[in-house]
Amino acid sequence: MTHRTLVRALLTSAVLAAGILLAGCDSDQISLAQNAKANQPVTPKLLAAMVEKDMDLQSPMLVRLFKQEAELEIWKQDRSGRMALLKTYPICRWSGDLGPKVREGDRQAPEGFYSINPSQMNPQSAYYLSFNTGYPNAFDKALGRTGSQLMVHGDCSSRGCYAMTDEQIAEIYSLGRESFFGGQKAFQLQAYPFRMTPVNMAKHRNNPNMPFWKMIKEGYDHFEVTKQEPKVDFCEKKYVFDAVKAPNAVRDPVFDASAKCPAYVIPDEIASAVREKEQQDAAETSKLVSKGTPVARLNTGIDGGMNAIFASKIPEGNTGLSEGGDSQALQSMSLARAPGTIPGTVNPPRPNLAVQQEQPVVATTSSTTPSPTTRVASANASDKSEGFFSSFARKVGIGGAADATPAAAAPKPPAAAAAAPAKPKVAEAKPQSVVRVAPKAEPKQAAKPAPKPSVTDTAAAAPAPAATGTQLAGSAPVVQSNSFDTRFSAVK
């Protein structure tokens, strides 16, 4: 029985596609399937999944996108009338940061609720196939947000879009096309920064976009409790979900994104279920916050994200703002098959080192490789922050970049010190010394034992302690001075 249903679905898909091309009675349908790429049939694997989930090929569909998880979900209506998840696609690339798109050119992928009708499907896209998200919607426009041509497309390349592989967008496009052929006027696109769970809400609690995210979470919750496409309206520059006319009203409410909200109500069965879910989520979020759930970093400077399955296939691949970016996770996925062809021009998200968390400052030598979590102290002789005594000592030939004498040897006459170059050659790029010089040091005293051990003498007698948080601000780390390497090879 299942086999016959699958064969019938395949034949129906092929016949309908051919009929649309030949009949020419509907310009929207012709534009949906006017070339071979746009006319590809739904794959047998997807058809089998629909049969298993009791879905019709041309039943209505809905799309959900999640940036942090880098996933796109396709939902279709089953024969019970509820939406059910058909397939989840890993997103190859999205750009920008977590948060809504605000203006043209900000490279942000949009967030919110959008409606896609047949005219937004592009069978002749430069990125294989695509559909326009419909940004800006009425809410975006009411806030003065700008932008255009924000797409879901192929080619795994994004400048404010959601990019899939060509094979993925071919499947998604075919599902949308069949839903339109079945009579759906438009399918809904819901775009989120992350799955709106208590854990994620707790992690991002300090994000300035949280008021907006809480607002679109209402729509997320409406869908979660009803498994129906929520009706979306806008008024007073906010989203309104599943609004209907108030009791005793003679007409449906008229909404304007910039105007005052009309009288409306939300059906009791939906409102109560949503309210219960919101209360449970809020309680769980508060519990997570009280337990010290760490706050996600802001202003990372990373441009977008990529699903780990794609990052694992690219040299030096990185998931950016998406999950699963640690090296162990990527290594474990490296042998898995990628869902589509990854172009050689793919540019994975890169971490911005300028905004990485501050690390302890330590001095090191040229023969020692600093750990990845260690910042190295800079002691360039041309630094404007050079102290008076350090400057005086350098001029008279003690320490500093001009001094090329081991600590145990007697200092050279001032003339010899003056003849030394003030700066090392750029080609050599030799590190500068960071040896601390005691005040009032005189050349003739260097060959005599000091009455009390100096800072450098103490460092020579015992290993230099590791840099800790107790080091005075602005001071230079102490290093040993009893060898040539340690005196002149501190890393810049």
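This is a predicted model: local features need pLDDT of at least 70, side-chain atom pairs count only at pLDDT 80 or more; totals for chains, interfaces and linings use all residues.
Residues are numbered from 1 along each chain as its sequence is written, and side-chain values use heavy atoms, with hydrogens and water left out.

**Overall make-up**

- The protein chain has 14 helices and 16 strands. Helices (H or I, at least four residues) and strands (E, at least two) are DSSP runs, numbered from the N terminus.
- Of the 492 residues in the protein chain, 41% are buried. Buried means under 20% relative accessible area, exposed over 50%, and partly exposed in between (1.4 Å probe, protein chains only).
- Take contacts between residues at least 6 apart in sequence: 63% of them join residues at least 24 apart. Contact means heavy atoms within 4.5 Å.

**Annotated positions**

- The unreviewed UniProt entry places the feature "active site" at His153 and Cys161. UniProt positions follow the numbering used here, feature names are shortened, and annotations may be inferred rather than shown by experiment.
- Histidine 153 sits in strand E8 (residues 151–153). Histidine 153 counts as buried because its relative accessibility is 3%.
- Cysteine 161 lies in the loop between E8 and strand E9 (162–163). With 8% relative accessibility, cysteine 161 is buried too.
- Not counting residues up to four places away in sequence, the contacts of cysteine 161 include Arg93, Trp94, Gln149 and His153.

**Sheet E4-E9-E8-E7-E6**

- Five strands form this open sheet, in the order E4-E9-E8-E7-E6 and with mixed pairing. Two strands pair if DSSP finds at least two bridges between them.
- Strand E4 (93–94) and strand E6 (121–122) stand at the edges; each has a single partner strand, so one side of each lacks a neighbour in the sheet.
- E6 and strand E7 (residues 130–132) pair in the antiparallel sense over 2 bridges. Asparagine 122 has serine 130 in E7 as its bridge partner.

**Sheet E3-E2-E1-E10-E5**

- This open sheet of 5 strands runs in the order E3-E2-E1-E10-E5, again with mixed pairing. Its edge strands are strand E3 (83–90) and strand E5 (112–116), each pairing on one side only.
- The twist averages 20° from one strand to the next. Axes are lines fitted to C-alpha atoms, for helices over the stretch in contact, and angles run from 0 to 180 degrees between N-to-C directions.
- Strand E1 (residues 61–66) and strand E2 (residues 71–77) run antiparallel, joined by 6 bridges.
- E1 and E10 run parallel, joined by 5 bridges. Valine 63 pairs with leucine 189 in E10.
- E5 and E10 run antiparallel, with 5 bridges between them.
- In strand E10 (residues 187–192), 6 of the 6 residues are buried, so the strand is largely enclosed by the rest of the structure. Phe187, Leu189 and Ala191 are buried on one side of E10, and Gln188, Gln190 and Tyr192 on the other.
- Helix H3 (residues 44–52) lies across E2 and E3, at about 150° to E3.

**Disulfides**

- The count is 2 disulfides. A disulfide is a pair of cysteine sulfur atoms within 2.5 Å.
- Cysteine 92 is joined to cysteine 156, with S to S at 1.8 Å. Cysteine 92 is in the loop between E3 and E4 and cysteine 156 in the loop between E8 and E9, 64 residues apart.
- The link of cysteine 92 and cysteine 156 is left-handed, with -75° about the S-S bond.
- Cysteine 235 is joined to cysteine 261, with S to S at 1.9 Å. The torsion about this S-S bond is about 85°, so the disulfide of cysteine 235 and cysteine 261 is right-handed.
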